[in-house]
Amino acid sequence: MNTFKSIFEQYNWDEIQSRIYKTTSKDVKRTLAKTKYNLDDFLILISPVAQNYLEQMAQKCHEITQKRFGKTIQMYTPLYLSNECQNICTYCGFSLDNKIKRKTLSDAEIKLEVEALKKAGFDHVLLVTGEANYTVNINYFLNAINLIKEDFSIISVEVQPLSTEDYQRLHDAGVYSVLVYQETYHQEVYKKYHTKGKKSNFDYRLETPDRIGTAGIHKIGLGVLLGLEDWRTDSFFNALHLDYLQKKYWQTKYSVSFPRLRPAEGIIEPNFIMDDKDLTQLICAYRLWNEDLEISISTRENEKFRNNIIPIGVTSMSAGSKTNPGGYVVDPQSLEQFEISDERSAEEISKIIKNAGYEPVWKDWDKAYS
């Protein structure tokens, strides 16, 4: 089966980076005069010089988002099931070399966490685990999904890369979307951050969205960990990946997330700093390039940024998030994967969205229509 790898190998990181940084004001003006955008335009819109046109980009972004998605923001929250992990990743609190207490939720504990999320109003949950094949594997995932499927209209997962057959099993079990991040598309740098475990296999991770698409999962979420490498170049390759997937698995929906490196147990400092203005530019570039792309902002981001980005281009937001297994009620003191920045409750975020003139949506489809 042909995969994204064959496309990826046609591009050179240094050449793409050079093109981005050589972009001129003339290039940006010519691009912003268009009504339809391609990948070459996306490259121009994420360039340093394009930031001088951010206000114009944001206005166009706002108009496109309202036209395509209306004045709605989807609400979701993560449910961390386990912090067990067999990988050594230098930026993650769950890394195998961190000497921390490991925890995987039991059936009873999962139900307690679900009860808390339902009380908060959530109908869309994102199940998250570390990558530990012996404990949190496909059988564990299927059991957890079976436990909670009557409680949520939408179940998404962010777990270790799986085989096509296992993604098919998730699909059959009722999983709506799968999120998988390449972390960085810089192949040599990737090796330095992922020193041990299955995640160190760059190609296997790169081809994961192909396996998800082949399995017929309704939505695929991509992103890079912003701070590991030059965010502009990494984001171009992420867009290249999305472009390929949308053409090949055209019946599938797609989303993009923007995780910026946050403090966590034993992690490195970011190699590349991305400020709020940079992230706003990137969000605008994605929206101008791809009107159908869902854009998600998590509680990694601070309150001020999340408040201000609502009318620009996002379509979904997490709220009241805990990034540790049992973090809602079972074991609030267990180790977090990373520190969140926006600690406001789901109710508070809902009010902020309404005050901005938007409607918080707790689910975007119903089982009755599936």
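Student: Which strands each supply at least two residues of the lining of the second largest cavity?

Tutor: Keep in mind that this is a predicted model. The cavity in question has a volume of about 150 Å³, and among the residues closest to its centre are Y76 and S296. The strands that each give at least two lining residues are β1 (72-82), β3 (124-129), β5 (177-179), β8 and β9 (294-297).

Student: And which element gives the most to that lining?

Tutor: The lining of the second largest cavity has 14 residues. By class, they are four nonpolar, eight polar and two charged. With three residues, the top contributor is β9.

Student: What about the largest pocket: which residues lie nearest its centre?

Tutor: This pocket holds about 350 Å³ of space. Its lining draws at least two residues from each of α5 (54-69), α12, β8 and α13 (276-289), and it divides into five nonpolar, five polar and eight charged residues. Out of the 18 lining residues, those nearest the centre are Q246, W289, N290, E291 and D292.

Student: How many disulfides does the structure hold?

Tutor: Let's check a couple of cysteines. A disulfide needs two cysteine sulfur atoms within 2.5 Å, and the sulfur of C61 is 4.2 Å from the closest one, in C284, so that pair is too far apart for a bond. C92 is in no disulfide either, with the nearest cysteine sulfur, that of C89, 6.2 Å away. For the whole structure, the count is zero.

Student: Is C61 buried or exposed?

Tutor: The cut-off for buried is under 20% relative accessible area. C61 has 0% relative accessibility, so it counts as buried.

Student: Which residues touch the most other members of the largest nonpolar core?

Tutor: That core has 99 residues. In the largest core, the members that touch the most others are L170, F258 and Y286.

Student: Let's finish with a loop. Is Q251 buried or exposed?

Tutor: Q251 sits in the loop between α12 (231-248) and β8 (253-257). Its C-alpha atom is 8.5 Å from that of G216, a residue 35 places apart from Q251 along the chain. Anything over 50% relative accessible area counts as exposed. Q251 has 65%, so the word for Q251 is exposed.

Conventions: Residues are numbered from 1 along each chain as its sequence is written. This is a predicted model: local features need pLDDT of at least 70, side-chain atom pairs count only at pLDDT 80 or more; totals for chains, interfaces and linings use all residues. Side-chain values use heavy atoms; hydrogens and water are left out. Buried means under 20% relative accessible area, exposed over 50%, partly exposed in between (1.4 Å probe, protein chains only). A nonpolar core is a set of buried Ala, Val, Leu, Ile, Met, Phe, Trp, Tyr and Cys residues joined through side-chain atoms within 4.5 Å. Helices (H or I, at least four residues) and strands (E, at least two) are DSSP runs, numbered from the N terminus. On a 1 Å grid over the protein atoms alone, a cavity is a set of points where a 1.4 Å probe fits but cannot get out, and a pocket is an open set with protein on both sides within 12 Å along at least five of seven lines; lining residues have an atom within 4 Å of a point. Grid points are joined across faces, edges and corners, and a volume is the space filled by probe spheres set on the points. Ala, Val, Leu, Ile, Met, Phe, Trp, Tyr, Cys and Pro count as nonpolar, Asp, Glu, Lys and Arg as charged, and the others, Gly among them, as polar.
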